[in-house]
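The sequence and the structure are shown here.

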Amino acid sequence: YSSDKIRNFSIIAHVDHGKSTLADRLLELTGTIRKGHGQPQYLDKLQVERERGITVKAQTATMFHKHNFLGTDTEFLLNLVDTPGHVDFSYEVSRSLAACQGALLVVDAAQGVQAQTVANFYLAFESNLTIIPVINKIDQPTADPDRIKAQLKSMFDLDPSEALLTSAKTGQGLVQVLPAVIERIPPPPGKSNSPLRMLLLDAYYDEYKGVICHVAVVDGALRKGEKISSAGTGQSYEVLDVGIMHPELTPTGVLLTGQVGYIVSGMRSTKEARVGDTLYHTRSTVDPLPGFKPAKHMVFSGVYPADGSDFEALNHAIERLTCNDASVSVTKESSSALGMGFRCGFLGLLHMDVFHQRLEQEYGAHVISTVPTVPYIFEYADGSKKHIHNPATLPSNPKQRVTACWEPTVLATIIIPSEYVGSVITLCSERRGEQLEYSFIDSQRAFMKYRLPLREIVVDFYNELKSITSGYASFDYEDAEHNVLACELVEKLKKFIDRQMFEITIQAAIGSKVIARETVSAMRKNVLAKCYGGDVTRKRKLLEKQKEGKKRMKRVGSVDIPQEAFHELLKVS
Ligand code: GTP
């Protein structure tokens with residue numbers, strides 16, 4: 001296939017607008033997968049993806065499609081890159097887009113433009129991709145394609161006449177999609193007679209084959225048996241296998257200019273495969289391709305074995321899982337309450353949840369995770385700065401005076417029906433947000449941009465936002481810079497701890513010296529409520545029993561403490 005017969009495209013959308021279903025239909029339409037193969041969302045391979053109905057890892061599939069192009073029937077090679085829709089995975093989205101020249105922007109015909117539609121549109125637009133708007137789910141009774149066309153025009157200046165109307169459910173309008181891809185999206189621009197340059201898109205570990213890298217051949221061609229080098233690590237490898245994802249790995253022996261495919265090259269660990277790296281023929285000299293922005297960790301949390309003796313098993317599980325999810329950072333740590341464990345850095349909260357779920361489901365690990373923290377920067381009197389991910393690593397030397405502290409902030413995009421504007425503004429100002437933009441997409445929907453401290457959104461902002469808007473808000477964020485933070489004291493923490501059946505003491509200490517203390521007084525259940533009449537001994541008996549019970553609660557010992565209790569307990573630190 002010469003590159004004029006190749007099209008590389010991606011599907012981008014807000015969560016649940018139907019990307020994966022549309023991808024399935026296109027794979028069926030081209031005979032890449034059998035119709036009714038029994039497993040919807042073919043590209044969502046992970047169990048967690050199927051369970052949660054979300055796409056986490058971007059996958060690629062190659063399809064072949066005949067089309068009458070400029071008067072002749074021509075077979076085209078189409079590479080479809082599925083992308084995740086959720087905020088946490090925009091890193092995966094930009095990674096996928098780097099291999100594409102165009103994107104289908106899928107928008108739900110009833111819901112219209114949502115926060116991730118905006119975020120994904122800009123990611124594609126900034127990568128200079130041709131954007132084909134696809135208004136999907138037109139079979140719904142509440143579908144209003146004309147309103148959505150007007151939104152696409154006012155938000156993104158997309159020509160309403162270019163929008164395709166589809167239903168991935170009933171199949172309506174789907175036949176127009178691939179012809180539009182072929183006619184509107186340009187072929188990959190690489191040079192076939194230049195030395196090989198390949199972009200490393202992703203890598204994962206396979207039990208049998210070892211490390212499998214997904215690559216996009218930008219210039220030149222790659223054949224099995226050739227020697228390649230990495231511009232990032234300087235390591236050289238022999239290409240043992242090369243092919244396309246059709247949709248399973250299908251060896252072809254060669255990848256030509258503009259193709260997207262896989263290679264197996266005897267890498268021992270995915271750590272050698274740096275996403276965004278340039279691979280080239282060992283004997284040639286090339287300028288490396290522009291790489292990707294490295295993943296930025298926004299949320300940190302401790303991960304500990306539920307049973308302390310399982311540390312080695314957890315270590316093994318984490319090592320294996322990070323082989324397939326290079327966007328998690330892992331360092332060992334120990335906690336006096338939980339023993340030996342790990343501190344992991346994630347792209348966001350959903351990413352963290354998915355990581356935990358995969359640890360349990362795919363590797364059988366039982367874990368306790370601490371409440372997420374965000375990375376602060378501390379500046380000391382001597383001018384030195386330290387990035388702190390874990391409150392336990394704050395230096396204990398009282399002489400080292402902290403002169404300033406910065407906290408991370410995010411730029412949030414919020415789209416809501418107009419009637420909820422007031423309550424969302426209240427929520428954002430309670431969370432120390434600064435409004436940057438406020439406008440209307442159309443007569444029914446408002447668009448707001450806020451700068452918010454990451455710490456304020458990390459725990460429950462999204463749930464709160466959903467609940468005050470009856471589920472209608474859509475939300476997306478990107479990281480912004482660090483902001484100076486006023487130092488707060490222990491008394492503030494008191495607010496976060498609910499009263500319990502026993503007394504709780506909160507202490508702040510530098511080294512062994514306690515510098516502040518607060519007490520959350522005990523809550524007393526009225527055990528006498530059902531005790532009518534005046535029998536004093538019976539009352540006393542009940543109160544004694546209550547006291548005993550409380551003593552027991554205070555001892556942590558072998559009592560099973562639910563995950564939420566750890567979260568509540570560690571949230572304050
Ligand atoms: P993420 O992978 O989480 O980003 O979601 P997605 O955009 O891939 O959405 P997905 O394809 O999983 O579809 C979400 C839901 O919408 C599923 O329940 C689909 O069955 C349904 N759906 C998809 N397309 C259509 C359509 O054209 N009409 C109707 N009525 N439902 C659809």
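H214 has a relative accessibility of 5%, so this residue counts as buried; buried means under 20% relative accessible area, exposed over 50%, and partly exposed in between, with a 1.4 Å probe and protein chains only. H214 lies in strand β8 (residues 210-219). Leaving aside residues up to four places away in sequence, H214 touches L199, L200, L201, D202, Y204, M245, G261 and Y262, where contact means heavy atoms within 4.5 Å.

The model is predicted: local features need pLDDT of at least 70 and side-chain atom pairs count only at pLDDT 80 or more, while totals for chains, interfaces and linings use all residues. Residues are numbered from 1 along each chain as its sequence is written, and side-chain values use heavy atoms, without hydrogens and water.

Strand β8 belongs to an open sheet of 8 strands with antiparallel pairing, in the order β11-β10-β16-β7-β8-β15-β12-β13. The edges are β11 and β13 (249-251); each has a single partner strand, so one side of each is left without a neighbour in the sheet. On average, neighbouring strands of this sheet are turned by 40 degrees against each other, direction ignored. Helices (H or I, at least four residues) and strands (E, at least two) are DSSP runs numbered from the N terminus, and two strands pair if DSSP finds at least two bridges between them.

The pairings of β10 (residues 227-230) are listed below.

| Pair | Sense | Bridges |
|---|---|---|
| β10 and β11 (residues 236-238) | antiparallel | 3 bridges |
| β10 and β16 (residues 278-281) | antiparallel | 3 bridges |

K227 stands opposite E238 in β11, and I228 has H281 in β16 as its bridge partner. The hairpin of β10 and β11 has 5 residues between the strands, and G234 takes a positive phi there, near 80 degrees.

Helix α4 (residues 115-126) has 12 residues and should span 16 Å at 1.5 Å a residue, which agrees with the 17 Å between its end C-alpha atoms; the expected span is 1.5 Å times one less than the number of residues. Its buried residues are A115, Q116, T117, V118, N120, F121 and A124. N128, which follows α4, has a positive phi near 60 degrees.

Methods:
Axes are lines fitted to C-alpha atoms, for helices over the stretch in contact, and angles run from 0 to 180 degrees between N-to-C directions.
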